[in-house]
Amino acid sequence: CPLGPALLFVKTGQENTEGRRFYACSACRDRKDCNFFQWENEKVSETRLAAREEYNRNHQPSFTHGQNVERYKDFVLLPLSKRRFCQECQQLLLPAEWEKHSDHQFRCDISTAQLRSPSRLLYPLENKKTNAQYLFADRSCQFLLDLIIDLGFRRVLSVGTPRLHEMIQSKDSQEEDFRVRSLLLDIDFRYSQFYTEDEFCHYNMFNHHFFGGEVASETCRKFLCEDNGEGVIMITDPPFGGLVEALAFSFKKLMAMWKETEKGGHNNQELPIFWIFPYFFESRILEFFPSFSMMDYQVDYDNHALYKHGKTGRRQSPVRIFTNLTPSKIVLPVEEGYRFCAICQRYVSPGNQHCEICNSCTSKDGRRWKHCVLCQKCVKPSWFHCDNCNCCTLQNHTCEKTDAGCFVCGKSGHKRSTCPSLS
């Protein structure tokens, strides 16, 4: 499909029946965004294949990355009064193109500072499962950059983190003694208007697909393997509605690229990674990366209504940093209340109290959790032990357990969105 190789899924059948396998878009879960569908063993006619290829061609960007780089060079030579950005087409405009966009809304006098911060110029793509461009707040962005520098990293593979990338790029162009470089891998091709082929690769993190082919893949490999693989870290902030299994597959491919270096190929070291994701995905991430641990730092976003730092109770941001680095090395800001637990050998949030029975700082969401003797673990403060369910859960829950199926009626064979009960 236009977003690269499809993934193989299973359509769940009725009870006791085997699901049927099919291919669908790797990034779009909604058919409205991409209608690619093919049964696993389906024979596709030549006519349909030709139509699919034509469809894919028609859904490619207007300009190639190389053409966008040349357009940018022309754009920066223009006087400020002739620098325009079309808000409807999300495109930098050269004077010869003004007439074609005359009935569109556009921004004028685009400054050099704005060109260095394209994430603030472009409209965020907010499809929660495909793009979900919730952009780091300055607090989180600055913390990550300070942490990278303190840990001694000199190169950052920024996978789906455009705001961190542009902060690094901006500092690199303005500060002589700044020694950190970044390569952005992102599914949003609009960034190719602002960065060269050595600074940005059009990339789908759900299927490890480089849209620029072998050339772009080699750019990434060289970046990872520079200085014999030393001094590089990967930081990724995937859409929270994305499949963890697909993401883990791609990240392992990137880790394998780094392993190709002489240093990486002769020992059991892993490419250092910060995977930024909600804490409730912890078990899924650890399933694929047992060496990872979750930090207590709350990552917050500029354009997300809820994921903000400083809120209390259940309104706190659930987004955390998962990493394969030694937890004690990740120093969290003391001025925000984070403190070091000498027993756990890691920094924890203010409300995360050490449980002597669990022998761990057990809170995941920033609130102080309580220990349940019957469950033999700490649980959320709003949970109570239910003798019928034999576990801790919300006080007003329903004890009857339903089989896996629709979240609305509990029956199998359909999903919540198509449940007959909704009508």
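Predicted model: local features only at pLDDT ≥ 70, side-chain atom pairs only at ≥ 80, totals over all residues.
I then searched for ring pairs and got 19 aromatic pairs in the structure. In one of them, the ring centres of Phe 251 and Trp 275 are 4.9 Å apart and the planes stand at 90 degrees; I noted the pair as edge-to-face because angles over 60 degrees count as such. Phe 251 belongs to helix α8 and Trp 275 to strand β12 (residues 273–278), so this pair ties together parts 24 residues apart in sequence.

I took Phe 277 and Phe 281 next.

Which residues do ring pairs link into a cluster? I listed Phe 136, Phe 240, Phe 251, Trp 275, Phe 277, Tyr 279, Phe 280, Phe 281, Phe 289, Phe 292 and Tyr 301.

**Helix α7 against helix α8**

From Phe 251 I moved to the packing of its helix, α8. I read an angle of about 60 degrees between helix α7 (residues 213–225) and helix α8 (residues 244–259), with the axes 8 Å apart. The crossing of α7 past α8 is right-handed.

On the α7 side I wrote down Ser 217, Cys 220, Arg 221, Leu 224 and Cys 225; on the α8 side these meet Leu 254, Met 257 and Trp 258. By class, the residues of this contact are six nonpolar, one polar and one charged.

**Helix α5 against helix α6**

Between α5 and helix α6 (residues 162–174) the angle is about 60 degrees and the axes are 10 Å apart. That makes α5 oblique to α6. I recorded a right-handed crossing for α5 and α6.

Helix α5 brings Cys 141, Gln 142, Leu 144, Leu 145 and Ile 148 to the contact, and α6 brings Arg 163, Leu 164, Met 167, Ile 168 and Lys 171. I sorted the residues of the α5 contact with α6 into seven nonpolar, one polar and two charged.

**Two serines**

Is Ser 140 buried or exposed? I found 0% relative accessibility for Ser 140, so the residue counts as buried. Ser 140 sits in helix α5 (residues 138–150). Setting aside neighbours within four places in sequence, I found Ser 140 in contact with Tyr 297, Gln 298, Val 299 and Asp 300.

I looked up Ser 158 as well, which lies in strand β7 (residues 155–159). Ser 158 has 0% relative accessibility and therefore counts as buried. Not counting residues up to four places away in sequence, Ser 158 touches His 165, Ser 182, Leu 183, Leu 184, Leu 185 and Ile 235.

**Whole protein**

Last, I took the totals. I counted nine helices and 22 strands in the protein. Of its 423 residues, 46% count as buried. I also looked at contacts between residues at least 6 apart in sequence: 55% of these join residues at least 24 apart.

How values were computed
Residues numbered from 1 in each chain as written. Heavy atoms only, no water. Axes fitted to C-alpha atoms, helices over the stretch in contact; angles between N-to-C directions. Helix = DSSP H or I, 4+ residues; strand = E, 2+ residues; numbered from the N terminus. Left-handed = near helix turned anticlockwise from the far one by under 90°. Contact = heavy atoms within 4.5 Å. Nonpolar A, V, L, I, M, F, W, Y, C, P; charged D, E, K, R; others polar. Buried < 20%, exposed > 50% of the residue type's maximum accessible area, 1.4 Å probe, protein only. Phe/Tyr/Trp six-rings, centres within 6.5 Å; stacked < 30°, edge-to-face > 60°. Parallel < 35°, antiparallel > 145°, perpendicular 65-115°, else oblique.
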